[in-house]
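Hello,

Here is the structure for you to open alongside this note. My notes on what turned up follow below it.

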Amino acid sequence: MERLTQLGFNPIGKWFLINEHYLQFSFLNESWREKNALYSFIIDNEIKYIGLSPTTLGSQMYKYKRPDLTQIINVEIRSLIVESLEQNIPVSILSYPDNRLLNYAGYNISLTAGIKGSLINELQPSWNFIDENALAPNMNFEAHRD
């Protein structure tokens, strides 16, 4: 997790269970409005998942809270979050906003989209194993599948 905080990730919220399997999230501030942000789920200072929110972080977290059954990755991540919380293991949410400061020839460059794959390749969060598309193109996914 130290690597993420060095890059500028900040704690923004946490997951919790209201009863048995009713999953909920809470934000510490207005970060739920951020768009195109990188986010990470953290357990015991260990990075479990790194994702990119094309919509607001609030909308993205809702996709884990109540995923459509066709969203296989979100369904799986939700079950991992619930499993942790049922064992009284807190799941924190960190984020890194895309401030759109990079520009090339009049085009905004998304830093968050650019570094997502690199972070996953370097840090290899255990929950990203189900998201083959999150890996940078130069990574041989088959070699890392259990």
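Let me begin with T56, which sits in strand β4; helices (H or I, at least four residues) and strands (E, at least two) are DSSP runs, numbered from the N terminus. T56 counts as buried at 17% relative accessibility, where buried means under 20% relative accessible area, exposed over 50%, and partly exposed in between (1.4 Å probe, protein chains only). Leaving aside neighbours within four places in sequence, T56 is in contact with W32, R33, E34 and K35, contact meaning heavy atoms within 4.5 Å.

Two notes on how to read all this. This is a predicted model, in which local features need pLDDT of at least 70 and side-chain atom pairs count only at pLDDT 80 or more, while totals for chains, interfaces and linings use all residues. Residues are numbered from 1 along each chain as its sequence is written, and side-chain values use heavy atoms, with hydrogens and water left out.

The overall picture

The protein has five helices and seven strands, and along the sequence they follow the pattern α-β-β-β-β-α-α-β-β-β-α-α. Of its 146 residues, 40% count as buried. Among contacts between residues at least 6 apart in sequence, 58% join residues at least 24 apart. The accessible surface comes to about 8,500 Å², and carbon and sulfur atoms hold 50% of that; these areas come from the Shrake-Rupley method with a 1.4 Å probe, and for residues only the protein chains shown count as cover.

Strand β3 and its partners

Strand β3 (residues 35-43) has seven of its nine residues buried, so it is largely enclosed by the rest of the structure. β3 pairs with β4 (residues 46-56) in the antiparallel sense over eight bridges; two strands pair if DSSP finds at least two bridges between them. Across that pairing, A37 stands opposite S53 of β4. The two strands form a hairpin with two residues between them, and D44 in the turn has a positive phi of about 50°. β3 also pairs with strand β5 (residues 91-96), again antiparallel, over five bridges. There, I93 in β5 is the bridge partner of F41.

The aromatic rings

How many aromatic pairs does a search of the whole structure find? The search gives 10, where rings of Phe, Tyr and Trp (its six-membered ring) pair if their centres lie within 6.5 Å, and planes under 30 degrees apart count as stacked, over 60 as edge-to-face and the rest as tilted. One of them joins Y39 and F41 in a tilted arrangement, 5.5 Å centre to centre with 45° between the planes. Y39 is buried at 1% relative accessibility, and F41 is buried too, at 0%. F41 also pairs edge-to-face with Y64, at 5.3 Å centre to centre and 80° between the planes. F41 belongs to β3 and Y64 to helix α2 (residues 57-65), so this pair ties together parts that are 23 residues apart in sequence. Y64 is itself buried, with a relative accessible area of 1%. Ring pairs link W15, F25, F27, Y39, F41, Y49 and Y64 into a cluster.

Helix α3 and the cores

Helix α3 (residues 72-86) has 15 residues and reaches 21 Å from its first C-alpha to its last, close to the 21 Å expected at 1.5 Å a residue; the expected span is 1.5 Å times one less than the number of residues. Its buried residues are N74, I77, R78, L80, I81, V82, S84 and L85, and their cover includes β1 (10-17), β2 (23-27), β3, β4, α2 and β5. Just after α3, N88 takes a positive phi of about 60°.

A nonpolar core here is a set of buried Ala, Val, Leu, Ile, Met, Phe, Trp, Tyr and Cys residues joined through side-chain atoms within 4.5 Å. The largest has 21 residues, of which W15, F41, M61, Y64, I77, I81 and W127 touch the most other members. β1, β2, β3, α2, α3 and β5 each give two or more residues to this core, and α3 gives the most, with five. A second, separate core of 10 residues includes L38, I50, L94 and I120.

Finally, take a look at V91 in strand β5, which is buried with a relative accessible area of 1%. Not counting residues up to four places away in sequence, V91 touches K14, W15, F41, I42, I43, I81, S84 and L85.

Best wishes
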